[in-house]
Amino acid sequence: MKIRAAGLIILALSLAASAAPSPAASAAAAQDQATGIKTPGHIDWQPVAGPGKKIKINDDYIFTYEFSQRPQMGTVILIIKVFDKKGAQVVPFALSGRTDMPSMRGAHDSGEVVFRTNRVNNYLLPVNVVMPGDWEVRITFSLNDKAVFHGSIRFDV
Ligand SMILES: [Cu+2]
């Protein structure tokens, strides 16, 4: 009987010890709060103006976008043109896009796809529309592996 009681006390003590947060973990959490570190992966996808409109990327560049044809079932090409301050069409950025349906997020996720560029400095991305409804392409402009602009292009089919 005594031995069994002693065993229970040891069990209770070890449970109490494991329930207490480790000092290292709580220190790290406190530091995150103090420095305002954002949750990894959180991105504000800025809704962009419509096709043909000039959209600011940063102080040095703007872009416009259009589709190769009015989006419909099948593949359409998203065409992005970047211009510098002098109005020259340039390709300084790495540009990627991710297509999906906002109303059924994940169902048709294209994954991150890199735009190709052509001879006239257009950035090109195939967009596969597989059902009618709401669609979105999330675009990321990067310079030297650092994202400088996140945009959301929405359209309905
Ligand atoms: Cu769908």
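Reader: Why is asparagine 128 called exposed?

Author: This is a predicted model, so the call rests on computed positions. Asparagine 128 has 12 C-beta neighbours inside 10 Å, and the cut-off for exposed is 12 or fewer. So asparagine 128 counts as exposed.

Reader: Where does asparagine 128 sit, and which residues is asparagine 128 in contact with, leaving aside its neighbours within four places in sequence?

Author: Asparagine 128 belongs to strand E9, residues 123–129. Setting aside neighbours within four places in sequence, the contacts of asparagine 128 are Thr75 and Ser110. There's also isoleucine 77, 51 residues away along the chain, with a C-alpha separation of 8.7 Å from asparagine 128.

Reader: What makes a group of residues here a nonpolar core, and how many residues has the largest one?

Author: Members must be buried residues of the nonpolar kinds, joined through C-beta atoms within 7 Å. The largest such core has 17 residues, and Leu78, Ile80 and Leu95 have the most contacts inside it. The elements giving two or more residues to this core are strand E3 (62–67), E4, E9 and strand E10 (134–143). E4 supplies the largest share, four residues. As background, nonpolar side chains in soluble globular proteins tend to be buried together.

Reader: And how many helices and strands does the protein chain have?

Author: Two helices and eleven strands. Along the sequence, the pattern is α-α-β-β-β-β-β-β-β-β-β-β-β. Of the contacts with a separation of 6 or more, 47% are between residues 24 or more positions apart. Buried residues make up 14% of the 157 residues.

Reader: Where does pLDDT stay under 50?

Author: Over residues 6–37, where the model has two contacts beyond four places in sequence. For the protein chain as a whole, pLDDT averages 83, and 74% of the residues score at least 70.

Technical notes
Residues are numbered from 1 along each chain as its sequence is written. This is a predicted model: local features need pLDDT of at least 70, side-chain atom pairs count only at pLDDT 80 or more; totals for chains, interfaces and linings use all residues. pLDDT is the predictor's confidence in each residue, from 0 to 100. Two residues are in contact if their C-beta atoms, placed from the backbone, lie within 7 Å. A residue is buried if 20 or more other C-beta atoms lie within 10 Å of its own, exposed if 12 or fewer, and partly exposed in between; C-beta atoms are placed from the backbone.
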